Amino acid sequence: MKTIETGASAGSRLHIHTTSSHSFYIIGTGGHARECAAIWEARCVAGIETNPELFLGFLDDDTAKHFTSVATKTVHGSLRMVIDMLTTSPTVRPVELVCGIGSVEVRARMSETVRAAQKSGASVRWRPQLIHPLASIGTDCRAGEGFIMNAGAILTTEIQMGRHVHLNIGSSVSHDCQIGHFVTIAPGARLAGTVHVGDRTDIGMQASVIQLRRLGSDVRIGAGAAVITDVPDTMVAVGVPARLLPRRADRGERPVT
Ligand SMILES: CC(C)(COP(=O)(O)OP(=O)(O)OC[C@H]1O[C@@H](n2cnc3c(N)ncnc32)[C@H](O)[C@@H]1OP(=O)(O)O)[C@@H](O)C(=O)NCCC(=O)NCCS
């Protein structure tokens, strides 16, 4: 795979912010959060980031983890504690956040929490993006704040993405796709050209979606599915070719936690 440097020189064509000089925390201490830390480390090793100390550490609601060490960094407290501190003692330079939470619903809720904190005067904001140096980005790709792209993920050309989109390892998105807010594309999943994806939709590992299809909001695509039809809002699509199911709650079953 050809690797395209995502540094500042290419920024004008990518329409994706490529770096920030602000300090930041990663929210969460689970696998995704630690992978975000690994992306940061890879950016530092590649020389894209010149100040490794900008990464302050992790935040987690679990008080048992506070002031312990995760991936060589300290868990400083919860998001709420940091927001309260930044509301009562505003800093001139906003502190940034990276959302290291895999759940699309939790990401959406956190976005609301941070928006409310900003309205209350907290000097906090989302880091624009965290893109692994071995991710590949073509021309005219746009992403909202909080964009995360793991190693081997590919965006080809003329792709629009909303806020807090996560492209996991080795996933690919082809020309003219439109991706909503808080969407996750899991490892190895592939979208062909001109696919539309609604907000909070989660596309499972190694799933494929053929061209020109529309996935609604709050859709779940099962691992390995081959999606050849549109998928309405809130539906689940599994299998090859994918069959559609109502989500668990609409089947009267308890959701898996
Ligand atoms: C589809 C998924 C979201 C579960 O949705 P769900 O509504 O809870 O589905 P259930 O577990 O109730 O299963 C419903 C049916 O779909 C089938 N099914 C579930 N996942 C499937 C999959 N990936 N492929 C094929 N069939 C699947 C079940 O066997 C069941 O079949 P049945 O109706 O014949 O009994 C989940 O199985 C999945 O594939 N998640 C993606 C995981 C992933 O890629 N994670 C990435 C981590 S980085």
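Why does Phe182 count as buried? The reason is its surroundings: Phe182 has 29 C-beta neighbours inside 10 Å, so it counts as buried. Keep in mind as you look around that this is a predicted model.

- The protein is divided into two parts, with domain 1 covering residues 18-129 and domain 2 covering residues 130-241.
- Taken over C-alpha atoms, the centres of domain 1 and domain 2 are separated by 24 Å.
- Domain 1 brings 20 residues to the contact, and domain 2 brings 17 residues.
- On the side of domain 1 that touches domain 2, the elements giving two or more residues are α2 (31-45), β5 and α4.
- Of these, α2 gives the most, with six residues.
- Sorted by class, that side of domain 1 has twelve nonpolar, three polar and five charged residues.

**Helix α4, one face in and one face out**

- Helix α4 runs over residues 104-119, which makes 16 residues. From first C-alpha to last, α4 reaches 23 Å, close to the 22 Å expected at 1.5 Å a residue.
- Val104, Arg107, Met110, Val114 and Ala117 are the buried residues of α4. Seen down the helix axis, the buried residues of α4 fall within an arc of 130°, so they line one face.
- What do the buried residues of α4 pack against? Their partners are the helix α3 (79-88) and the strands β1 (24-27), β5 (95-99), β6 (124-126), β16 (184-185) and β19 (202-203).
- Gly121 follows α4 and has a positive phi, near 100°.

**The shell around the ligand**

- There are 16 residues around the ligand, and those that come nearest are Gly204, Met205, Gly222, Ala223 and Val238.
- By class, this shell has eight nonpolar, five polar and three charged residues.

**Backbone details worth a look**

- As background, most residues other than glycine have a negative phi, and most peptide bonds are trans.
- Phe182, the residue from the opening, has a positive phi near 60° although it is not a glycine. You will find Phe182 in the loop between β15 (178-179) and β16.
- Arg200 also has a positive phi in a residue other than glycine, with a value near 60°. The place to look for Arg200 is the loop between β18 (196-197) and β19.
- Arg200 counts as buried because it has 23 C-beta neighbours inside 10 Å.
- Which two residues does a cis peptide bond join? They are Val240 and Pro241, and omega is about -10°. Pro241 sits in the loop between β24 (236-238) and β25 (243-245).

**One more loop residue**

- Ala135 is in the loop between β7 (129-131) and β8 (136-137).
- Ala135 has 24 C-beta neighbours inside 10 Å, so it counts as buried.
- Between Ala135 and Asn51 there are 84 residues in sequence and 21 Å in space, taken C-alpha to C-alpha.

Notes: Residues numbered from 1 in each chain as written. Predicted model: local features only at pLDDT ≥ 70, side-chain atom pairs only at ≥ 80, totals over all residues. Helix = DSSP H or I, 4+ residues; strand = E, 2+ residues; numbered from the N terminus. Expected span 1.5 Å × (residues − 1). Buried ≥ 20, exposed ≤ 12 C-beta atoms within 10 Å, placed from the backbone. Arc of directions from axis to C-beta. Contact = placed C-beta atoms within 7 Å. Near = placed C-beta within 6 Å. Nonpolar A, V, L, I, M, F, W, Y, C, P; charged D, E, K, R; others polar. Domains from an automatic or database assignment.
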